[in-house]
Amino acid sequence: MRDSLEFAPAQRKEGVMPSKSTPGSFNKLRTISKTLLPVLLLVYAFASSALAANLFVVTRLSDAVAVIDDSTDQIIRRIPVGDGPVRITMSPDRLKTYVSNGVAATVSVLDTVALTTTATIQLGPGSRPQESAVTPDGGRLFVIYQSTPTVTVIDTATNQVITDVVIGGHQAKDILFTLDGRFAYVANYSQGTVKVIDTATYQVKTIPTAAGSRRLAMSPTGNRVFVTNFNADTVSVIDTQTQQVIATIPVGDKPRGIAITPSGDAIYVGNMRDGTVSIIDSSTLTVIDTVTVGSAPWQVIITEDGTLAFVSSSVAGTVSVIDTATREVIKTLVTGDGSFFSAINPDGTKFYVSNSNETTVSVIDIPSLTVLRTIPDVGDYPFDLAFGP
């Protein structure tokens, strides 16, 4: 490759030639140029990579995680994990991801840069690990179960189990931390309660909610936790200061997915059995609108600017797009059979949804609200997904 400081032919033609005193200075510049070139290339590579991100997709029946480059929507790696992987969670810095292997009763730890498995953490036999969450400081991983009345706490530096916190019941369905990381909230489906774990002492408080407490969402300011009660057709509102229920809001039939606008003014709840989304006003804690979407709405995701809500419907195989200003469906996009979990890429331009009854992931262009493509051969039963670096 021609050196960046070599004179171009046009300059030579115009008589621009180095003088007798130039060669020494020119050689120095050549040396500086060669020294800086690798640095500049690294900066360029870093800047280019910052524009792209990798999507990690759990494929339950392939015992692997497929890695998709969102700049090309191509599969760049398949990382083997344990038997029956089901859920995935990222560390706060997105340099590690943790995969719960339901059948194997293990957690696979993946390096999201090297795209390799770095550790396998053994859990209790038959425990069926599910959802997990990393503390805001990145120091501990909390794992909940489908068959064991405990929450396992793991040191993320050593991948060693610190303790098992007994919460009672079984079929814990969701976990999230308060903004300061002091408390972990766990939806305890079988008990119809929310368990609050003090992350400093591991003491547990029980908050009665309603039958089938399933999914959790926290307000942007962290003052409230909202709980969908799947078997009670309600949403419970918990004050995080008093750790008490302050309201119980009737919604649609079998509420599951829940999301809150970035401003905190509205809460969107997907009702699986009646194919609707209930919109709750956060100031009055009442339903102000009900929007019809596809059959069996599974998950609700709201864009970072708060203007659009995306609702993936597993039975319909569609994604409904709700304009949050008008509270109306402005587009219904056909995706694939069993459209379950979804994610928006870091730059906010694409929406990805796993089609669990196929082997595909659909990609929606957010600016145009069109299906860009369907990525084939992702793996058997693509399910949960999350963006890494």
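Reader: In which sense do strand E18 and E19 pair, and over how many bridges?

Author: The model is a predicted one, and its strand E18 covers residues 234-239. The pairing of E18 with E19 is antiparallel, and the number of bridges is six.

Reader: Which residue in the turn between E18 and E19 has a positive phi, and of about what value?

Author: E18 and E19 make a hairpin, and four residues lie between the two strands. In the turn, the residue with a positive phi is Gln243, at about 55°.

Reader: Why is one side of strand E16 and of strand E19 left without a neighbour in the sheet?

Author: The sheet is open, and its four strands follow the order E16-E17-E18-E19 with antiparallel pairing. Strand E16 (213-218) and strand E19 (244-250) are placed at the edges, so one side of each lacks a neighbour in the sheet, because each has a single partner strand. Between neighbouring strands of this sheet, direction ignored, the average turn is 25°.

Reader: Is Val378 buried or exposed, and what is its relative accessible area?

Author: Val378 belongs to the loop between strand E31 (370-375) and E32. Leaving aside residues up to four places away in sequence, Val378 touches Val57, Thr59, Ala66, Ile68, Ile75, Arg78, Thr359, Thr360 and Val361. A residue counts as buried under 20% relative accessible area. Val378 is therefore buried, its value being 1%.

Reader: How far apart in space are Val378 and Asn355, C-alpha to C-alpha?

Author: In sequence, Val378 and Asn355 are separated by 23 residues. In space, the C-alpha to C-alpha distance between Val378 and Asn355 is 9.8 Å.

Reader: What is the volume of the largest pocket, and which of its lining residues are the closest to its centre?

Author: The largest pocket has a volume of about 1500 Å³. Its lining is made up of 39 residues. The closest of these to the centre are Glu131, Arg215, Leu216, Gln299 and Ile301.

Reader: Which strand gives the most to the lining of the largest pocket?

Author: Several strands each supply at least two residues of this lining, among them strand E4 (85-90), strand E8 (129-134), E16 and E32. Strand E20 (255-260) is also one of these suppliers. With five residues, the strand that gives the most is E20.

Reader: For the protein chain as a whole, how many helices and strands are there, and what share of the residues count as buried?

Author: The secondary structure comes to two helices and 32 strands. The accessible surface of the chain is about 17000 Å², and carbon and sulfur atoms account for 54% of that surface. Of the 389 residues in the chain, the share that count as buried is 53%.

How values were computed. Residues numbered from 1 in each chain as written. Predicted model: local features only at pLDDT ≥ 70, side-chain atom pairs only at ≥ 80, totals over all residues. Heavy atoms only, no water. Pairing = 2+ DSSP bridges. Axes fitted to C-alpha atoms, helices over the stretch in contact; angles between N-to-C directions. Buried < 20%, exposed > 50% of the residue type's maximum accessible area, 1.4 Å probe, protein only. Areas by Shrake-Rupley, 256 points an atom, 1.4 Å probe, with all protein chains shown as cover. 1 Å grid on protein atoms, 1.4 Å probe; cavity = no way out; pocket = protein on both sides within 12 Å on 5 of 7 lines; lining within 4 Å. Points joined across faces, edges and corners; volume = space filled by probe spheres on them. Contact = heavy atoms within 4.5 Å.
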